[in-house]
Every structure is written in structure tokens, then in C-alpha cells.
Amino acid sequence: MPEKLAISGGTPVLQRSDYQNWPIITDDDRRLVNEVLDSGILAGGTAPQVTALEREWAAYTGAKHCLTTTSGTAALHMALAAVGVGPGDEVITSAFTFLASASCALHQNAIPVFVDIDPRTYNMDPGKLEAAITERTKAVIPVHIQGLPADMDPIMEIARKHGLFVIEDACQAHGAMYKGRMVGTIGDIGTFSLNNYKNLPGGEGGLFITDNEVYLKKGMLIRCFGDEIDEVSHRRIYNASILGYMYRNQELPAALARAQLMHLDERNNVRIANANFLTQELSKIPGVIPPYCPPECKHVYFFYNVRFDPEAAGVECEPRRFRIAVEKALYKEGALVGQWQTMPVPAQDIFQSKLGYGGSHYPWALNEAKGITYEYRADDYPVAKELCDTYTIVHGIHAPNGIELMKKIVQAFHKVFANLGQALDHADDPIYPGADGKLYGAG
Ligand SMILES: *Cc1c(COP(=O)(O)O)cnc(C)c1O
């Protein structure tokens, strides 16, 4: 007797109240935020919370220097500017990432070039990196996607061989490790996001780490309008020596990030335990492909990604349609699942139209005037494209959610996979899976 799926009128496995939201606010957050309010200091490049956060994040990662910024995107842009990427330079990143890994290059008048991903880790495929390098390539931005470190050894080797800078986009990977090393400390500069969703939230904000004093000093200038500081008086002299921006962080987000940092390892461990439980259980269901973590890596599961394979599930169905059907059925069972990126980044409209500054073709036109053409075709990134057709994110693996919730999520998967016919019958229903905003404190 087949069970009735929620999508065909049955009772859902999960309730919204089974989920607890992220981020977690405790008395540590209240205490540090109150410290800011009591101090009366809300901002400043050398203000106490900002300075303490920089010191503590450097200590946590083992980097020599840290700067906090307005966002992860700002940290990425600052990093490219600090190493001297300029107009017409090419910057290579992964085809499966968030837009900012690529748009930071555009912000520096440089041109993003994409490399397809590894089918198991979803990170930049180092085997495809060298083919993307030209005489114009200046930097590589490996992304530690969804909390899993990119394969840094071959990436560093290829980058060094070609004299390229390496900027790590660790915006999703606070505390992740590659062969015993913290991500962000392997390349020339590491960047992190402090936005609400991330493993280390501060509301908004970013972090920039480096061991290189030149990049530190450049970063400090770029972060604050390019304004020089007088060496004797330590005052700003309102004389910009280089092109800068206004990327300074503030005291309230810095205080929040410091309080969150006290709990980062403990909360990452909850993500890891929840993810390991899901992986152990979901791998028993034919057609469900849990995320892979190579043994030399510590994955911190910013996102828990599963893929679906209709053939392995014993169903004849086009893979994208199968994913849509399963995703909708799971969502109706009350499981908060849904896609994040829906296409490889180079397939986005901005790369199709190549309309940049002021709606002009800059920065691409800089090189196109020299006969160098850029074409961004989704088909050139078949692994990223296939992933985008077949994956969904299982939300709610963050603390304080625990194994009780994971068990119910597994139950929802079993129910849907035992009744795939029903799920497929409803593949075209107007249902819109995804996390509700509130899950990440933004509803
Ligand atoms: C979040 C994120 C960023 C940007 O961080 P913001 O703080 O939101 O600007 C950059 N890259 C990746 C991979 C991200 O996930």
C-alpha cells in the first residue's frame, strides 16, 4: 500500500517548527554589542572591536595579518587591487561559485575567466586550470565551495609556475582545512565573508588575511580611500596616493563576529556531525548522491549539497526534471530544500551581454579592441552545468539543529524515494522550493 506523499495530499513528515534559525544569538553577542554601545565608538579603522577582530581572526587562522572589511566581496576586490591586478588582466575562478568570485575582477577592470569543476568535490578542477591561462592572466581565485577546500596543492603549483597571484575565496569556509592548513592561509591573500548566512556571521562584513606586509599595507590604503596616514602623528592626511574605496567595517558587526568566533569550532562541529549523519543515511538511498569530502580535507558544510541520479533510482526521467520532481516532493514534506546557484556563473546574463561599466562593454572592450574575444558558453562548463541541473541544498544542518531534525529529513527522503511515481506526477506543480528567509534570520 503506497504511502500518500504530502505533494499528493498526504501528511508532511516535517513542520517548520522542527527547524531552528541561524545565526544563534547568545549572551556573548549581547555582551560584546553592549560593550560597543557603552563605549560610544561605532566606527573607525583602528576602533577597539575592529582591531580585536583582526587580531583574533589572524590568531585563529594562523595568518600574520588581518583586515576587516564591509563585505566578503569588498575583501576580494581589495585583494585583487592589493596584488596589482589591473585593466585588461584576466582573473581565473571556478564556474560553480557565487557571482562575487568573478565580479570582483570586473570591479578592478579585469576580465573573469572560468574553469570547470571536479565532478566529486564541485571545486575548480586543477586539471583544467592550465588551459585557461594566457599571457594576460594575473591571478587565480580558487573558491572553497560550500565549505570544502579546493585542491590547493596543484593550484598553487600551476599558479607559481606561471607567476600568478592566488587569492582564496574562503567566504564559505571559515575553519575549513586542507592537509592540516587553514584555508585562506595557503595563497597570497585569503578572503572571508561575515554575512548573516555564513559560518561566521557578523550581520555583514568581510575579512582579508595575508602573511605579506606589502599586501597588508596596500589593503589598508585601498580600504580607506587610498588615503595616506602620517607616519609620525598616525593621522589621516587627506592625501590619497592610490585609488581606494570605502571598505571599512564597523564596530557593531565586528563585535558580533567576535562573539560568533568564540563558538565557531563548536558550531562547525555541529554542522559536521549533522552532515556526516545525513551522508551515512542518504547514501543508502539509490539515486541520492551525498557530498564528497576527500580524506585530506576538513569540510565545514556551509551548505549540504545532494545530487540526484534518476538512473540509479531506477526511474526513466530526464535528470533535471527528476531533480525538480524530487525537490518539490521533499519541500512539500516540509524539508527545506532548494537550489542556490541555478546555472554556472558564466551563463549569467551579465556574461552573456558583457554589459559592464555604464552599460558599456567595458572592461571586456579593453581586450576586444586588440582582437581578443571572450565568449561565455554554459556548454564549456559541462560538469558545473550538470551539477546545476541535478543538485539541491538540504537546509537546516547548522546548529542548534541536531540529529533529531536530521532523522526527520532522512525520513522525508525515504518517503519520497519510495513513492517516486507520485513525485514525478507533480513535477509541474507550481511549488517553489527553497529556504524561507527566516531560517537565516532574514525573514
Ligand atoms: C558570500 C560569498 C561571497 C561574498 O560575501 P559578501 O560578504 O556577501 O560580500 C563571495 N564568495 C562566495 C563564494 C560567497 O559565498
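This is a predicted model: local features need pLDDT of at least 70, side-chain atom pairs count only at pLDDT 80 or more; totals for chains, interfaces and linings use all residues.
Student: Why is β12 called a strand, and how many bridges link β12 to β14?

Tutor: Strands are DSSP runs of E with at least two residues, and helices are runs of H or I with at least four, each numbered from the N terminus. β12 spans residues 288-289, so β12 qualifies as a strand. β12 and β14 pair in the antiparallel sense over two bridges, with Val288 standing opposite Phe308 of β14.

Student: Which way do the residues of β14 point, and are they buried or exposed?

Tutor: In β14 (residues 305-308), Asn305 and Arg307 point one way while Val306 and Phe308 point the other way, and all are buried. Buried means under 20% relative accessible area, exposed means over 50%, and partly exposed lies in between (1.4 Å probe, protein chains only).

Student: Why is Lys298 in β13 given the class that it has?

Tutor: Lys298, which lies in strand β13 (residues 297-298), has a relative accessible area of 30% and therefore counts as partly exposed. Leaving aside neighbours within four places in sequence, Lys298 is in contact (heavy atoms within 4.5 Å) with residues including Gly147, Pro149 and Ile272.

Student: How do you know how many disulfides there are?

Tutor: A search of the whole structure finds zero, a disulfide being a pair of cysteine sulfur atoms within 2.5 Å. The sulfur of Cys66 is 13 Å from the closest cysteine sulfur, in Cys171, which is too far for a bond. For Cys104 the closest cysteine sulfur is also in Cys171, at 9.1 Å, so a bond is again ruled out by distance.

Student: Why are Cys66 and Cys104 placed in their accessibility class?

Tutor: Cys66 has 8% relative accessibility and therefore counts as buried, and Cys104, at 0%, counts as buried too.

Terms used: Residues are numbered from 1 along each chain as its sequence is written. Side-chain values use heavy atoms; hydrogens and water are left out. Two strands pair if DSSP finds at least two bridges between them.
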